[in-house]
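Dear colleague,

I am handing over a structure that you have not seen before, with some notes on what was found in it. Please read the notes with the structure open beside you.

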There are 2 protein chains.
Amino acid sequence: MTYCLGIITRAGLVMAADSRTSAGADYVSSAQKLFDLSLPRERVLLICTAGNLSMTQTIMAKIRRDIKDQVPDNLNAMSTLHDISDYIGRQTREVLDQNRHWMNRDNIDYSCSFLVGGQVRGESPELYMIYSQGNFLRATKETPYLQIGEIKYGKPILDRTIEYEETQLDEAAKCALLSLDSTMKSNISVGPPINLALYEADTLKLTRRCQFKEGDSYLIRIRTSWEKSLRRAFQSLPEIDWIELAEDEDDLGNWLSPSNIYTA
Amino acid sequence: MTYCLGIITRAGLVMAADSRTSAGADYVSSAQKLFDLSLPRERVLLICTAGNLSMTQTIMAKIRRDIKDQVPDNLNAMSTLHDISDYIGRQTREVLDQNRHWMNRDNIDYSCSFLVGGQVRGESPELYMIYSQGNFLRATKETPYLQIGEIKYGKPILDRTIEYEETQLDEAAKCALLSLDSTMKSNISVGPPINLALYEADTLKLTRRCQFKEGDSYLIRIRTSWEKSLRRAFQSLPEIDWIELAEDEDDLGNWLSPSNIYTA
């Protein structure tokens, strides 16, 4: 499994990915899933990959070969992230079509997905997600993040904290790390190293990046600080307005009694 | 879908469930999923149900009929939660077997699951989960909670805050509500009313219960308070030790470059 996410705000873009790859619990290894294909001062372009590794590798290799061969339809020749996402979608369709017959025959899941984030000179920063079927969608101001892979564990913290207009980039980066940390804690098929990249809007050059390996002291510190804060947050939550149960309450007063529903 | 959870600590037990039921996005209604089958001063017994509603209703009705008919093998005649879980597992197997042929023929998901929590006089408080196949397991001190239904969104907050020895019951109840709230926010097939029950160990009588309907003012207050605390918590997180990118950095220094992996 994999977990990658991108967050877009007025201030810019954060993208993050784990590096664990597994073909069953008995074959676990590590593979890079966040790639920087920027052309400094011309465009920033970050791509995350999830799903069947042989498919995403083949697609990424095809993308690079098209650039090198300078075919008319290559990623660097495209002037919008929309066109770039459409191009990656088409590569995905082609590669999956070449493999479909053999994969289906042995019931192998060969689906894959991509996040594409960045900014092309003259355009606004954007963030896209490309599905296994080659169609794609764009992050909006209402939901300014996109996720691929094992997405559920890390979603609540994004829902509760990220706002397009207000969230600062360093906050978005910490939120991305906590979202990944929550996922790693719940699903062992998501794991370090974590790659993290931060892009300030309109600078047209990747601003910062970092990598957190297994047991990284910062990851431990951010987790400890977070859990301490959560416990403190509990103490400031309003008290629940409980119904105290009377000693002589009969079955009818108890709305949790199954007798309200199930005649015996 | 459904989301139910149980939390067991040294101090007692908290159980909570949503009430939404759906047969597709175009048929959404409400059904109780947390039931109190206690015999005050003899035993506390709470049951949560998830999965195919026609199956769980049939199983719950069978459980009540066996009690009413005082068959030898009825739930009130059992003296441990282990035996009760085994009995519910056997009822599940029987009811699913009666329906399997017709459900499979039309590819209908008829799986279901249960949480069973409480205390029988002379025993310790316990919490069990019963699978659709009738097998069951018990919550442990290491992972003192169990979930059924749409479990992923609400798991991180449990992982980060619940500890068997230390967590107070009112904290566990608030955590259960936040876990449900996170799930409702991400999956519209989980929804109010929320039923919540709290049991103090060794009292042999359900201590407190409450219900939160759509738009309940406490639910709104707890959500607002929580999100405010989370944002404050972000501000106290340690700063990330970024690698600032040099203006003239070449491709080799960039470990995010796909050229490290994909020869073109």
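Across the interface of chain B and chain A, 30 residue pairs are in polar contact, both residues of a pair being at pLDDT 80 or more; a polar contact here is a pair of N or O atoms within 3.5 Å, where, within protein, one must be able to donate a hydrogen and the other to accept it, and residues adjacent in sequence count only if both atoms are side-chain atoms. On the side of chain B that touches chain A, at least two residues each come from β5 (34–36), α1 (53–68), α3 (155–161), α4 (169–186), β11 (194–200), β12 (208–212), α5 (217–235) and β13 (243–244) of chain B, helices (H or I, at least four residues) and strands (E, at least two) being DSSP runs numbered from the N terminus. The most is given by α5(B), with 13 residues.

Please keep in mind that this is a predicted model, in which local features need pLDDT of at least 70 and side-chain atom pairs count only at pLDDT 80 or more, while totals for chains, interfaces and linings use all residues. Residues are numbered from 1 along each chain as its sequence is written, chains are lettered from A and ligands numbered from 1 in the order in which they are written, and side-chain values use heavy atoms, with hydrogens and water left out.

The contact (heavy atoms within 4.5 Å) takes 81 residues from chain B and 81 residues from chain A. Between them the two chains bury about 8200 Å², 59% of it on carbon and sulfur atoms; this buried area is the accessible area (1.4 Å probe) that two parts lose on being put together, summed over both. There are 10 salt bridges between chain B and chain A, a salt bridge being a side-chain nitrogen of Lys or Arg within 4 Å of a carboxyl oxygen of Asp or Glu. A:E227 forms a salt bridge with B:R160, with the closest N and O atoms 3.3 Å apart.

Strand β13 (residues 243–244) of chain A is joined to β12(B) by two bridges, and the strands run antiparallel; two strands pair if DSSP finds at least two bridges between them. Opposite A:I243 stands B:R209 in β12(B).

A polar atom of the B:T58 side chain lies 2.6 Å from the backbone oxygen of B:S54.

With best wishes
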